[in-house]
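Let me put the sequence and structure up before I write anything down.

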Amino acid sequence: MVKNRKNILFALLAAAVVLTATVPILRVIYPLRYYDIIGSMSEKYDLDKFIVMGIIKAESNYIHDARSHVAYGLMQITENTALDIAERMNIEITESDLDNPMINIEIGCYYLNFLYNYYGDIDVALAAYNGGMGNVNRWLNDDMYSSDGTVLHDIPFPETKKYVRNVNKYAWIYGKLYPG
């Protein structure tokens with residue numbers, strides 16, 4: 001009986017050590033930089049800050065000058081999208097401005113807010129953020145992907161399907177790691 005208690009106590013202690021050590025490791029894997037900017041822009045554009053964190057994790061892994069073949073910065077904004085949004089915001093930007101975390105996050109949040117207001121569903125907005133509004137509009141009008149024209153029950157682009165799933169997963173993880 002005493003040995004069983006010792007084993008249980010040891011198992012509980014080991015679990016506590018593992019859990020305590022896990023959070024710092026996860027915070028390396030899921031970094032959080034630009035918290036003040038993310039918080040203020042999420043609030044300004046009425047967005048869940050954890051979704052914004054998830055987008056940044058999925059898009060650039062918090063590398064402020066990340067580049068893909070067409071997109072720039074933390075939230076991976078294309079030049080055409082950035083210029084369109086800047087015009088709507090009545091500001092002037094250059095391509096190099098997209099490496100500025102403040103500008104990139106604000107433009108990304110403005111765009112995500114626009115998509116969310118347009119579609120009324122965050123997953124559909126995320127699909128449009130990644131796959132483009134033209135594709136999402138076609139999917140919403142196709143019974144194979146949407147039964148009601150407002151929510152996608154399937155996404156035919158594997159990359160976009162994975163993107164929406166990952167952003168939601170990362171948002172959940174960020175919410176657990178950085179709840180305050």
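This is a predicted model: local features need pLDDT of at least 70, side-chain atom pairs count only at pLDDT 80 or more; totals for chains, interfaces and linings use all residues.

How much space lies in the largest pocket? I looked it up: about 540 Å³. A pocket here is an open set of points on a 1 Å grid over the protein atoms alone, where a 1.4 Å probe fits, with protein on both sides within 12 Å along at least five of seven lines. The volume is the space filled by probe spheres set on the points, which are joined across faces, edges and corners.

Numbering starts from 1 along each chain as its sequence is written, and side-chain values use heavy atoms, without hydrogens and water.

Back to the largest pocket, with its space of about 540 Å³. I find 24 lining residues (an atom within 4 Å of a point),, and Glu 59, Gln 76, Tyr 129, Asn 130 and Glu 159 are the closest to the centre. Two or more lining residues come from each of helix H3 (49-60), strand S2 (77-78), helix H6 (122-131) and helix H8 (158-177). H8 gives the most, six residues.

Next, the whole chain. I see eight helices and two strands, taken as DSSP runs (helices H or I, at least four residues; strands E, at least two). Their order from the N terminus is α-α-α-β-β-α-α-α-α-α.

Last entry: 40% of the 180 residues are buried, meaning under 20% relative accessible area with a 1.4 Å probe, protein chains only.

Terms used
Buried means under 20% relative accessible area, exposed over 50%, partly exposed in between (1.4 Å probe, protein chains only).
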